[in-house]
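Here is a short briefing for a reader meeting this structure for the first time. Please look over the sequence and the model before turning to the notes that follow.

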Amino acid sequence: MNINWYPGHMKKSLDKIRESLKMVDIVAEIVDARIPISSRNPVINDILKDFPRLIIFNKVDMADPKETKKWISHFQSQNIPVVEFNSITDKKTDKIYQKARALLHEKFERNKGKDITSDLINMMVVGIPNVGKSTIINNVSKRRGTKVGNKPGVTRVNQWIKTDSNILLLDTPGVLWPKLDTPDQGQSLAFTGAIKDENLDLENLTFNLIRLISQRHPEMLKERYGVDSNQETIEIMDAIGRKVGAISRGNEIDYYKLAVLFLDDFRKLRIGRISLERVEDIPADVK
Ligand SMILES: Nc1nc2c(ncn2[C@@H]2O[C@H](COP(=O)(O)OP(=O)(O)OP(=O)(O)O)[C@@H](O)[C@H]2O)c(=O)[nH]1
Ligand SMILES: [Mg+2]
């Protein structure tokens, strides 16, 4: 898969994350609940070391609830705190605040009764592209008035976003980039739309996605496309192509059109809640 993450960009964003750590109490690492391996980058562990951190499992509405449960237990068994989130509908940060507060209890003990801001938690959000950082920040923010310091000639000050709870969010999220150790990880990111489609072989990608869904959730293909998964993947693909009208003039299957339609169905949750990565799929060296 031909994907370029520009080294210059990476360095810049990592420097920014490091710089921002000075201003925050805790970091929230946003992860796509459907691909908890591929939507992380281990480099964040190197940067944060012992810095307080929690993982927000976002897009849980798109993932298989059974698998999400297993993932949460998995992370908890490694002492990594996780909060489940659907940033489209969850407009409250209460559960994030509670978790963060528990993690920062020492700070709170120290500051107890000192001043009125002692209940506030300054938080930075980090995550790979498309994982939902902006949606979370926009949905939980209680913005009032216009930003100051955002005009030309005025030094850009860091903006803090007030939320419904005592969390203050740093307005510029830290962008990580995905780490592609295996071709599967690149593919998982591509399925979810985290990699620009222009860079991808969509027909091939769709073939692989149809194969995966036909093996794990044949009932979903039956339900949406009336297709029997008990046949070769290419036959399933053709049957879906005919069903969605991805046919060229010569009455052949138009695989590109099929790919565009099928990926759109998948990404808009019309096929079903599918966890692409499962706990049992974790490569031994990643565990
Ligand atoms: N169903 C669902 N969709 C979500 C959720 N969170 C985000 N999205 C969608 O995912 C897409 C990407 O969300 P963004 O908030 O733009 O992601 P981002 O991390 O800010 O992306 P970059 O700015 O590219 O780094 C958007 O289409 C959102 O509507 C969620 O919890 N559930
Ligand atoms: Mg964004």
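Lys 59 is placed in the loop between β2 (53-58) and α3 (65-77), where helices (H or I, at least four residues) and strands (E, at least two) are DSSP runs numbered from the N terminus. This is a predicted model, in which local features need pLDDT of at least 70 and side-chain atom pairs count only at pLDDT 80 or more, while totals for chains, interfaces and linings use all residues. Residues are numbered from 1 along each chain as its sequence is written, chains are lettered from A and ligands numbered from 1 in the order in which they are written, and side-chain values use heavy atoms, with hydrogens and water left out.

**Loop residues with positive phi**

- Most residues other than glycine have a negative phi.
- Lys 59, which is not a glycine, has a positive phi near 60°, and at 16% relative accessibility Lys 59 counts as buried (buried means under 20% relative accessible area, exposed over 50%, and partly exposed in between, with a 1.4 Å probe and protein chains only).
- Asn 130, found in the loop between β4 (121-127) and α6, also is not a glycine and has a positive phi of about 75°, and Asn 130 is partly exposed, with a relative accessible area of 40%.

**The surroundings of ligand 1**

- A polar backbone atom of Asn 130 is 2.9 Å from an oxygen atom of ligand 1, a polar contact being a pair of N or O atoms within 3.5 Å, where within protein one must be able to donate a hydrogen and the other to accept it, and residues adjacent in sequence count only if both atoms are side-chain atoms.
- A backbone N or O atom of Val 131 lies 3.3 Å from an oxygen atom of ligand 1, and for a polar backbone atom of Gly 132 the distance to an oxygen atom of ligand 1 is 3.0 Å.
- Taken alone, ligand 1 exposes 660 Å², of which the protein buries 68%; accessible areas come from the Shrake-Rupley method with a 1.4 Å probe, and for residues only the protein chains shown count as cover.
- There are 15 residues around ligand 1, and Asp 61, Ser 87, Lys 133, Ser 134 and Thr 135 come nearest, a residue being near a molecule or strand if one of its heavy atoms lies within 4 Å of it.
- Helix α6 (residues 133-140) gives the most to this shell, with three residues.

- Gln 187 is in helix α7 (residues 183-192) and counts as buried at 17% relative accessibility, and its C-alpha is 7.3 Å from that of Leu 205, which is 18 residues apart from Gln 187 in sequence.
- Thr 192, also in helix α7, is buried with a relative accessible area of 7%, and a polar atom of the Thr 192 side chain lies 2.9 Å from the backbone oxygen of Leu 189.
- Asp 201 is found in the loop between α7 and α8 (202-216) and counts as partly exposed at 45% relative accessibility, while the C-alpha atoms of Asp 201 and Tyr 256 are separated by 9.3 Å although 55 residues apart along the chain.

**Helix α11**

- The buried residues of α11 are Leu 258, Ala 259, Phe 262, Leu 263, Asp 265 and Phe 266.
- Seen down the axis of α11, these buried residues fall within an arc of 155°, so they line one face of the helix, the arc being that of the directions from the helix axis to the C-beta atoms.
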